[in-house]
Amino acid sequence: MRSLKNKRILLGVSGGIAAYKSADLVRRLAEHGCDVRVVMTRGAQEFMQPLTFQALSGNPVHTDLLDPKAEAAMGHIELARWADAIVIAPATADVIAKLAAGTADDLLSTLCLATSLPIAVVPAMNQQMWSSPATQDNIERLRHRDVAVWGPGSGSQACGEVGAGRMLEPLEIAERVNDLFNTGSLAGLRVMITAGPTQENIDPVRYLTNHSSGKMGFAVAQAAVEAGAVVTLVTGPVSLETPEGVERVNTTTAQQMLEACEEYADGCDIFIATAAVADYRLAEVNEHKIKKDHEELVITLTKNEDILATIASREEAPFCVGFAAETQNIETYAMGKLQRKKLSMICANRVHGDSNTGFNADSNELHVYWENGKKHYPNMPKTRLARELIQLIAEHQQPDI
Ligand code: PMT
């Protein structure tokens with residue numbers, strides 16, 4: 001199983017005797033590297049104390065729809081923005097019915113309605129309740145909306161009856177959490193991604209660079225590998241861990257990044273250029289450290305070749321996705337780059353020194369444009385944004401699926 005490191009799981013616990021197993025589930029998820037936050041329904045609190053989940057998850061437990069401690073008292077919106085996926089275990093017949101009907105009368109049901117996150121329900125109830133036509137109808141409706149339904153298992157139940165309705169064991173649920181992220185939408189495809197800044201040497205001790213951290217590109221690489229692609233990540237100098245399953249190629253200058261991309265471009269289906277490549281390098285790099293004995297220093301720069309445009313102009317060009325960091329006129333500038341560089345898609349982000357988006361931030365907001373369409377993604381963690389973007393790219397690269 002692939003590591004779930006840094007995945008943010010919102011665990012919904014509803015009121016059934018299996019709620020005691022959810023405490024172990026929190027531990028299992030944490031062991032797999034997840035950051036877990038727990039939302040308990042009123043019924044769940046009859047079976048378990050919030051303190052138990054708080055101690056195991058290391059995070060406060062959420063129980064109320066209107067949370068005075070949350071920004072604007074809208075805890076459900078903040079939690080939905082925080083998470084990567086929602087798992088409801090145990091999911092009682094009542095919670096399943098609420099989800100199917102779109103009811104929003106407590107924190108958990110409202111959260112599920114206020115999000116486009118992947119949701120999994122892990123049913124736990126009496127076997128007669130599970131097999132009732134009402135529950136089966138509700139389950140069908142949830143499946144139809146792409147809600148994952150895990151289990152239930154069969155066997156002897158807490159009520160003394162025997163049959164289907166037992167909640168899956170915590171270990172199995174933790175293993176299935178991977179399925180929420182492994183979409184398979186890029187299965188069998190080769191994806192090349194550039195990330196981070198480049199460094200252009202001035203002399204042996206100095207260089208020109210920019211504020212790119214590589215976070216956006218590494219998140220895209222992770223999302224692409226989770227979607228089943230074979231991923232090559234050509235990166236500038238950054239101090240980020242390579243996502244599991246990704247082939248990493250380290251480069252420093254724009255010229256090295258170009259050479260690496262040309263080497264790996266053959267047979268590539270999709271090219272996503274998130275890197276902030278230096279537009280210019282020194283016409284001549286000084287062999288020795290420049291001494292500070294001049295009042296003024298003039299450095300002559302020469303233009304770097306455009307990596308993205310070079311790959312996009314190949315005879316058998318991959319589906320090319322560019323990024324554009326803009327401070328103004330986002331749509332006009334981004335559309336200009338889309339057309340000039342002959343791209344399939346461009347993702348524009350506003351950069352304005354705000355620590356919340358763009359360079360070196362953990363989250364980002366994107367305006368994505370293609371020939372006859374556009375889509376806006378509000379500010380969200382780069383990891384989640386990357387997954388949404390990969391899904392969009394998959395839909396456009398393979399319009400028939
Ligand atoms: O790395 P992070 O800290 O997470 O920040 C992410 C980011 C802000 C760097 C990223 O989201 C982003 O916007 N990257 C593009 C930066 C940019 O300004 O690109 P550009 O407008 O200079 O270039 C447009 C496109 O051409 C980009 O896809 C770029 O990778 C590509 N390009 C540019 C110049 C060049 N010589 N070769 C290229 O391939």
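Colleague: What puts Asn 349 in a strand?

Modeller: Its place is in β17, residues 345-350. Strands here are DSSP runs of E with at least two residues, helices are H or I runs of at least four, and both are numbered from the N terminus. Keep in mind that this is a predicted model, where local features need pLDDT of at least 70, side-chain atom pairs count only at pLDDT 80 or more, and totals for chains, interfaces and linings use all residues. Residues are numbered from 1 along each chain as its sequence is written, and side-chain values use heavy atoms, with hydrogens and water left out.

Colleague: Why is Asn 349 called buried?

Modeller: Buried means under 20% relative accessible area, exposed means over 50%, and partly exposed is in between, with a 1.4 Å probe and protein chains only. Asn 349 has 8%, so it counts as buried.

Colleague: What makes the Asn 349 and Asn 364 side chains a polar contact?

Modeller: The term needs a pair of N or O atoms within 3.5 Å; within protein, one must be able to donate a hydrogen and the other to accept it, and residues adjacent in sequence count only if both atoms are side-chain atoms. The two side chains here make theirs at 2.9 Å.

Colleague: Which residues does Asn 349 touch, not counting those up to four places away in sequence?

Modeller: Among them are Phe 323, Ala 324, Ile 330 and Leu 366. Contact means heavy atoms within 4.5 Å.

Colleague: Which residues come nearest to the ligand?

Modeller: Asn 349 is one of them, along with Ser 213, Ala 275, Lys 337 and Asn 360, out of 27 residues around the ligand. A residue is near a molecule or strand if one of its heavy atoms lies within 4 Å of it.

Colleague: How much of the ligand's accessible area does the protein cover?

Modeller: On its own the ligand has 780 Å² of accessible area, and the protein covers 95% of that. The areas come from the Shrake-Rupley method with a 1.4 Å probe; for residues, only the protein chains shown count as cover.

Colleague: Which element gives the most to the shell around the ligand?

Modeller: That's β16, with four residues. By class, the shell has 11 nonpolar, nine polar and seven charged residues. Ala, Val, Leu, Ile, Met, Phe, Trp, Tyr, Cys and Pro count as nonpolar, Asp, Glu, Lys and Arg as charged, and the others, Gly among them, as polar.

Colleague: Why does Val 234 count as buried?

Modeller: Val 234 has 0% relative accessibility, so it falls in the buried class. It sits in strand β11, residues 230-235, and touches residues including Met 192, Val 249 and Cys 261.

Colleague: What makes Asp 24 and Arg 27 a salt bridge?

Modeller: A salt bridge is a side-chain nitrogen of Lys or Arg within 4 Å of a carboxyl oxygen of Asp or Glu. For this pair the closest N and O atoms are 3.0 Å apart. Both residues lie in helix α1 (residues 19-31), three residues apart, about one turn of the helix. Asp 24, at 22%, counts as partly exposed, and so does Arg 27, at 40%.

Colleague: How far apart are the closest N and O atoms of Asp 84 and Arg 387?

Modeller: They're 2.6 Å apart, and the pair forms a salt bridge. This pair links distant parts of the chain, 303 residues apart: Asp 84 is in the loop between α4 (75-82) and β3 (85-91), Arg 387 in helix α14 (residues 382-397). Both Asp 84 and Arg 387 are buried.

Colleague: What about Glu 140 and Arg 143?

Modeller: Their closest N and O atoms are 3.7 Å apart, and they form a salt bridge. Glu 140 counts as partly exposed because its relative accessibility is 47%.

Colleague: How many salt bridges does the structure hold?

Modeller: It holds 19.
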